[in-house]
Amino acid sequence: MSTQLPASRPFKVSFPHMGNYSIPVRLLAEQLECEIVLPPKMTRRTLEVGARHSPEFVCIPFKYNLGNYIEALEKGANLLIQAGGGCRFGYYGEVQEAILRDLGYDFGMVRLLGGWKLRDHIGDFKRVNPRLTMLRALKAYKLALRQTQALDRIEDYVRRNAGFEVQDGAFEEVHEAFLGELDTARDMRTMAEIESRYLGELEAIPTERPDDLLRIGIVGELYVLMEPFSNLFVEKELAKRGVEVHRFVTVSNMVEHSGRKHTAHLDELIAKSGDYVRYHLGADGTESVSMTYQLMQQGFDGVLHLKPFGCMPEVNAMASLQRLSREHTFPILFISYDAQTSETGLKTRLDAFCDMLRMRKQRPGDAAMADGAETLAPGAERSTA
Amino acid sequence: MSKAYLGVDVGSISTKGVVIDADGEVLARSYLWTEGNPVRAVKRVLAELEAQVDGDAVEVVSVGTTGSARELTGAVLGAQVVKNEITAHAVGTLSRHPDVRTIFEIGGQDSKIIIVRDGVPVDYAMNTLCAAGTGSFLSSQARRLDVPVEEFGEHALRSKRPTKIAGRCTVFAESDLVHKAQIGHKLDDIIAGLCAAIVGNYLNNVGKGKEVLGPIVFQGGVSKNVGVVRAFEKATGHEIQVDDDGHLMGALGVALVARDSGLETPFSFGVRDVTFETVGEECSGCPNDCEVVIVLREGAYLDGWGNRCPRGMERVRERVCAQEGSLAGAE
């Protein structure tokens, strides 16, 4: 049990942002039957206040979370929720709570430790709302999961197609409208209906896909992958450069491979990594290497690897990724994020990366190109290019 | 009149410009310090270039810009092509050295490596965090030792026993250097040690995990330092080629890209006499406070950037233009 309640009711509950997942998290939080105070939209101020009160060398997700908490407390929240993680993130809740108390805030905190299983956390939630039953929590969980799936499916479609829209902003407009409607959906049927209707609307948007379009996969640490503000909107930036963007780290995928299936999933990733990983690297590191290898085999043009500066599991992954890149002449762009907000450096690197991929593509007979595409058997190849 | 193409590379420390003909031959070249004022530097480059070309025989029909001030310069010159410096350097170098397989680049504030195979760039990296392995590090240490940075190379070549200096970080390197000097190491040895430290830092950071194969071309301002060139040869075991025009490769590359773009609009060197002004202002429309930059040509809005939403640009543009308008009215 790791919950400390505020001194008095009414409780006003809040939680950090991550992409658009505040939509399903809000649905869950509603079961606590108290007012929900969403932190303001992420801005540079969020990062400024978060970074000012964070240890200098902690990773960037910590700083964003802390900024969200401070801005939510300023809006009147008094009960904060923090989840665990597969790296030192698992300890962030404690540190953030101590920092916020030192700053003089009066609040309670629910820390969800030990994974994604509902029955481990129901006790914490029941202390906030004694009327909550396991049955009701389970129902809400299923609904939130369905909402998450709808969100991930729509955003996956947007990522893969927005780069080719004929009219600027067409995808974003539909996407925004979708988010607004999904936020109000509270039953399975409505969620399914919204998903399929908006998928239809997205499919109806006129696009022009060039013959030489680039397919780029994004791998790396989950927070900077899923929170666009923290990665300086790298997916949109790629789309602007006419890229079909693929990302596999989503909350739906994480839930699907959590709990009992987790070990089997890791084993599968290792088996499909072309011998570039032999044991689990911690957090998302195994997936970063294995997915990169799989994308290379599927003929992707390149991979972007994103991580917060100092992220240990992803630093582990980079050693393997660099070898993979070298041995197969497969382009991987490594990007580290910290509290910098200037996009110039990122844009320069993305421009150069896309130029490079296009130049490679224009020479189909290139030996370096043929290597690494579909045909190779795992472990059997060593590049001679 | 034959067609010519202008390429301008505006870096943090130096500004470079070339005019080339349709065959890629350099007709005019210019290289000078940016001195924190890219617009003024570009105008001076234009003056030098104009003096070298025969205005009656050639006409500049397409302009490309690159370097960290490429957007601003692109707006000022009305450039047809604005390209990142990595691509520009690769294109420029490949035009002169088609067989190159590795390009080392160390400039004033950044350093990069470009891996080329069969004439196509296949991988690159840029320094991410600090300036320890760049030209500005060398200049600051030169000041400390009271030796002109241009003479660094000769000093380094005279050294028989280079001093070991930690090149990981500017602060560590500096304290290491002071310590070695105080315990009696010779100036030449210390300078040779610094050159080796730069190379070690570069290969360990920028070049990390990359397959460095010859032929290697080394360019950027630091390539003019023979001490660093020797240190690279020692560390890689390959001969290092340094082109006489090595510092101009970015400008040459972007001029070639402009030539190949097929976009042509007659360009006049007269743009030198036009007044350009830049205004940087925080939008303050939301807590994000985007830093929006507006470029004014003769007091009128020309271009702007830095906004994350269209409202930001409108807000700042209206404010700035209203101010400029009232100023103009008062005159």
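Trainee: Is B:Cys283 buried or exposed?

Mentor: This is a predicted model, and the answer is computed from its atoms. A residue counts as buried when its relative accessible area is under 20%. The value for B:Cys283 is 9%, so this cysteine is buried.

Trainee: How many disulfides are found over all chains?

Mentor: A disulfide is a covalent bond between the sulfur atoms of two cysteines. The search of the whole structure covers all chains, and the number of disulfides it finds is zero. A:Cys87, for instance, is in no disulfide, and its nearest cysteine sulfur is 6.0 Å away, in A:Cys311.

Trainee: Which parts of chain A are tied together by the pair A:Glu244 and A:Arg209?

Mentor: These two residues form a salt bridge, with the closest N and O atoms 2.3 Å apart. A:Glu244 is buried at 9% relative accessible area, whereas A:Arg209 is partly exposed at 36%. The pair ties together parts that are 35 residues apart in sequence, namely strand E7 and the loop between helix H8 and strand E6 of chain A.

Trainee: Are B:Lys112 and B:Glu105 buried or exposed?

Mentor: Their side chains meet in a salt bridge, at 3.3 Å from N to O. The relative accessible area of B:Lys112 is 2%, and the relative accessibility of B:Glu105 is 5%. Both values are under the 20% cut-off, so B:Lys112 and B:Glu105 are buried.

Trainee: How many residues apart are B:Glu281 and B:Arg319?

Mentor: B:Glu281 and B:Arg319 form a salt bridge, the closest N and O atoms being 2.7 Å apart. The pair links distant parts of the chain, since B:Glu281 lies in strand E11 and B:Arg319 in helix H10 of chain B, and the separation is 38 residues.

Trainee: How many salt bridges does the structure hold over all chains?

Mentor: Side chains of opposite charge can pair when their charged atoms come close. Some of these residues are linked in a network, that of A:Asp156, A:Arg159, A:Arg160, A:Glu235 and A:Arg247. Over all chains, the number of salt bridges is 47.

Trainee: How many salt bridges are found across the interface of chain A and chain B?

Mentor: At this interface, 29 residues of chain A are in contact with 30 residues of chain B. B:Lys83 and A:Asp355 form a salt bridge, with their closest N and O atoms 2.9 Å apart. Across the interface, the number of salt bridges is two.

Trainee: Which element gives the most residues to the side of chain A that touches chain B?

Mentor: Seven residue pairs are in polar contact between the chains. The elements of chain A that give two or more residues to this side are helix H2, helix H14, strand E9 and helix H15. With ten residues, the element that gives the most is H15(A).

Trainee: How much area do chain A and chain B bury between them?

Mentor: The side of chain A that touches chain B divides into 14 nonpolar, five polar and ten charged residues. Of the area buried between the two chains, 53% is on carbon and sulfur atoms, and the area itself is about 2,500 Å².

Technical notes
Residues numbered from 1 in each chain as written. Chains lettered and ligands numbered in written order. Predicted model: local features only at pLDDT ≥ 70, side-chain atom pairs only at ≥ 80, totals over all residues. Heavy atoms only, no water. Contact = heavy atoms within 4.5 Å. Buried area = accessible area lost by both parts, 1.4 Å probe. Salt bridge = Lys/Arg side-chain N within 4 Å of Asp/Glu carboxyl O. Polar contact = N/O pair within 3.5 Å; in protein donor to acceptor, adjacent residues only side chain to side chain. Helix = DSSP H or I, 4+ residues; strand = E, 2+ residues; numbered from the N terminus. Nonpolar A, V, L, I, M, F, W, Y, C, P; charged D, E, K, R; others polar. Disulfide = S-S within 2.5 Å. Buried < 20%, exposed > 50% of the residue type's maximum accessible area, 1.4 Å probe, protein only.
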